[in-house]
2 protein chains.
Amino acid sequence: MARAVLGSLCLCWALGRAAPPNLLLLLMDDMGWGDLGAFGEPSKETPNLDQMASEGMLFMDFYTANPLCSPSRAALLTGRLPVRNGFYTTNGHARNAYTPQDIVGGIPDSELLLPELLKKAGYVNKIIGKWHLGHRPQFHPLKHGFDEWFGSPNCHFGPYDNKAVPNIPVYRDWEMIGRYYEDFKIDLKTGEANLTQIYLQEALDFISRQQASQQPFFLYWAIDATHAPVYASKHFLGSSQRGLYGDAVREIDDSIGKILKHLQKLGISENTFVFFTSDNGAALISAPKQGGSNGRFLCGKQTTFEGGMREPAIAWWPGHIPAGGVSHQLGNVMDLFTTSLSLAGLQPPSDRQIDGIDLLPAILQGKLIDRPIFYYRGNEMMAVRVGLYKAHYWTWSNSWEEYSKGIDFCPGQNVSGVTTHTQEEHTTLPLLFHLGRDPGEKYPLSTLCCYCLLSGHNGKLMGSGSPISKAVIKLSSFVELFLLCIFI
Amino acid sequence: MARAVLGSLCLCWALGRAAPPNLLLLLMDDMGWGDLGAFGEPSKETPNLDQMASEGMLFMDFYTANPLCSPSRAALLTGRLPVRNGFYTTNGHARNAYTPQDIVGGIPDSELLLPELLKKAGYVNKIIGKWHLGHRPQFHPLKHGFDEWFGSPNCHFGPYDNKAVPNIPVYRDWEMIGRYYEDFKIDLKTGEANLTQIYLQEALDFISRQQASQQPFFLYWAIDATHAPVYASKHFLGSSQRGLYGDAVREIDDSIGKILKHLQKLGISENTFVFFTSDNGAALISAPKQGGSNGRFLCGKQTTFEGGMREPAIAWWPGHIPAGGVSHQLGNVMDLFTTSLSLAGLQPPSDRQIDGIDLLPAILQGKLIDRPIFYYRGNEMMAVRVGLYKAHYWTWSNSWEEYSKGIDFCPGQNVSGVTTHTQEEHTTLPLLFHLGRDPGEKYPLSTLCCYCLLSGHNGKLMGSGSPISKAVIKLSSFVELFLLCIFI
């Protein structure tokens, strides 16, 4: 009862256009659903994130829009699927949409990014860390709504150390102030780098400055210590049971604890909405030394199985979000766009399709909003989740060619007919899973009994509309028919 | 600091032989490590157990003594490995030590069971639920220290409904009061059975009676709703995202919440030590409808991989155990024997080898006690864990013969050279895993670099002593050598 009243008050407050809260998005890089103690990592080495969860709300069913860094980040900042904002490819090689050195494109000027819109409500916007939406001048974050930047346009791959392929640059605002490995050291042998400490200090300084200025802020803390090559600063090396990857997680956990305490110390925690999540599933190709954990979910980064796209997620806003909450709302990084706008008292753009939804009713009032989750790989919609059912229209881990070279997105996991090395089409009769009974996608539901029924409904199933609405109609009908099959 | 002082006070209190606390062991049947929200089950449907964990101490590295019901329970109640207390076999069929109808043996009279010893300190002892240590009269729980019994000698398999193999009986103390399926209904079609409610009421009644009598009690609540055929009472059917198995877990969670609240209501929670765990890993052969989850661990019940033997575990004792604690103490169900004796102010028997250790320093003072974990299958010591290293001396999931019939202890999991269907010997050079970096046992550590070193240490490795001490010496040497290999 108290929770419901509090929730209503908060929502009224937000809708009443009072001073909007600060927005702090903590976006991890390649961190998996299973990497936090609160999500069952056996070493349970994330006390600060676990405390954040116990003081806020855990999202158990939160997704990325794409199992790769760039399209996921583009989706988060535009509120739109990668097939809409341009961050997709049609190539056959794992449908990678982006790699650091060999892509000339970036976020189109026609896209409206979250910070551009927040400016209208007086926000000061800063990105700390990885941008990944284009490294050429026209794609610079300060051309797309951010007021400040400390970080790099790409992943910290390297060192390349040659003129043809220079090391990845690091920027402060418009200025390139150095390069990874040269001015910002990463010791690939020991894994030592103090970058997370630098990013932490940048965050604390920005928050202090903004608190003094009285303007609301949007801080996008997009750090990358858990992306291979994984790193941690000296103090954290060897601090984890989990090796270097765990050291990186411990340092991030410690840093987030310091950021949240800083908000509390400055007295602005009740006016700062904080959301923690990751850009895609753990990169199991780099595990165990350089890759994280997707818990019991199938496969990892690059795939449209749960391990590739379900993310750890925590919302924290003391005094507004009831402590210890657990939500099964189907969420997506794109929702952070729409939810942030809602918190700022802004409407999403009406001149384009926005895929993200406003999560505030779920966060503040415990509501469950009906919406599907789309699992894309490049331009191919591989699967859809509606409620607890997930239908795969295509299954594929990676090619035999890659697999035979030792590239494995599903190490130690092999589900016959599911983790396929050829692209298998199931558009006529989707491969259906119940994610409540079978979160690991190991037991496809028997569809034989329904086959005749489905065949008889072809007209309905193949109704008109966009490919997406068609897919939803198709899935809804399929689920209905499936349930019908169970009860007849 | 406050925690340390509290811990010391508690230990002094226990050692000072004040009135001993009541003991409540909540032993689950085939429940897996990953079945609780606190251990990362995605549906997070165990609010009472999660709260128990937040008010008490979570054990992340707690084990059973054997991946099967009977030997695990025998080990718990005797504090001794099954190879010592007689609960082992030498057969080749998954080395099953016990099945309900075709075993004539049971717990030997020469074994001293926990309730027999607790009697000396004035305890009144009751078992509710599954005994599983012999169904013939001489093995009856009331012949082995229990004062009261409500439950059955075996699993609730059936119905057999014939004279040659009668349905499993249910006892109240010495009296057989009915049989499963006849007097105690289990509807195999719907999964409905109100047995957990009966077991709950038995527990609440016993606790109330004992509280009035002022005598300390030992209650062994060994319920079996999560053992196939899984069941739940009508109110809980359909209550879970996870299907019938999840319904059973929800009912158990609800019941445990009621038991803990009952202790609090009676004002005896601070004088009742409660421990929750399970007898072995989730039975993946029955998943997903009738089997649970072992989280990200490899394989399940019957195997000596982590999924077969690592258990969920929570200690709860308000006012004594600091809230929100997490322990990485290597624990074992056998420790519940020794720890319970310690709480009762008793010494373990000195005339025999006891394998369980007193966990109170870990529980009350946060200490880490150095001890190995042995993974047995029948009479074969398959693996040993020391610290974060686990050495497999034998690997085996199940036979090709069984596997070809569809019996799979590792569904969807296949780790080359590890989940073998032939019994593979590695006693000369154990298959080594680092469970911190690789809890899923997917990446055997490279041992090639050490092979020559190990060969040179054959004399030391093959030192004299019992098979167990030999194994520990062997493993310790091996770990040392392995570490040496890393640093040279």
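**Figure 1. Chain A is assigned two domains, domain 1 (2–369) and domain 2 (379–486).** The bounds come from an automatic or database domain assignment. This is a predicted model, in which local features need pLDDT of at least 70 and side-chain atom pairs count only at pLDDT 80 or more, while totals for chains, interfaces and linings use all residues. Residues are numbered from 1 along each chain as its sequence is written, chains are lettered from A and ligands numbered from 1 in the order in which they are written, and side-chain values use heavy atoms, with hydrogens and water left out. Along chain A you can trace 14 helices and 17 strands; helices (H or I, at least four residues) and strands (E, at least two) are DSSP runs numbered from the N terminus. Of the 488 residues in chain A, 63% are buried, meaning under 20% relative accessible area, against over 50% for exposed and in between for partly exposed (1.4 Å probe, protein chains only). Take the contacts in chain A between residues at least 6 apart in sequence: 70% of them join residues at least 24 apart. Contact here means heavy atoms within 4.5 Å.

Figure 2. Two salt bridges are counted between the domains, each a side-chain nitrogen of Lys or Arg within 4 Å of a carboxyl oxygen of Asp or Glu. Look for K390(A) with E306(A), a salt bridge whose closest N and O atoms are 2.8 Å apart. On the side of domain 1 of chain A that touches domain 2 of chain A, β2 (57–63) and α4 (82–85) of chain A each supply at least two residues. The residues of that side are twelve nonpolar, eight polar and seven charged. Ala, Val, Leu, Ile, Met, Phe, Trp, Tyr, Cys and Pro count as nonpolar, Asp, Glu, Lys and Arg as charged, and the others, Gly among them, as polar.

**Figure 3. Chain B and chain A come together with 36 residues from each in the contact.** The two chains bury about 2,900 Å² between them, with 62% of it on carbon and sulfur atoms. P42(B), Q241(B) and R296(B) supply 22% of the area that chain B buries against chain A, more than any other three residues. Two salt bridges are counted between the chains. R296(A) forms a salt bridge with E41(B), the closest N and O atoms being 3.6 Å apart. The side of chain B that touches chain A has 16 nonpolar, 13 polar and seven charged residues.

**Figure 4. Y443(A) sits in the loop between β17 (431–434) and α12 (451–456) of chain A.** Y443(A) is partly exposed, at 23% relative accessible area. Beyond its neighbours within four places in sequence, Y443(A) is in contact with F433(A) and D438(A) as well as L284(B), A287(B), P288(B) and P411(B). The C-alpha atoms of Y443(A) and I177(A) are separated by 52 Å, and the two residues lie 266 residues apart along the chain.

**Figure 5. Helix α2 (residues 47–55) of chain B has N48(B), L49(B), D50(B), M52(B) and A53(B) as its buried residues.** These buried residues of α2(B) pack against the strands β1 (22–28), β2 (57–63), β8 (272–278) and β9 (310–316) and the helix α7 (244–265) of chain B.

Key:
Buried area is the accessible area (1.4 Å probe) that two parts lose on being put together, summed over both.
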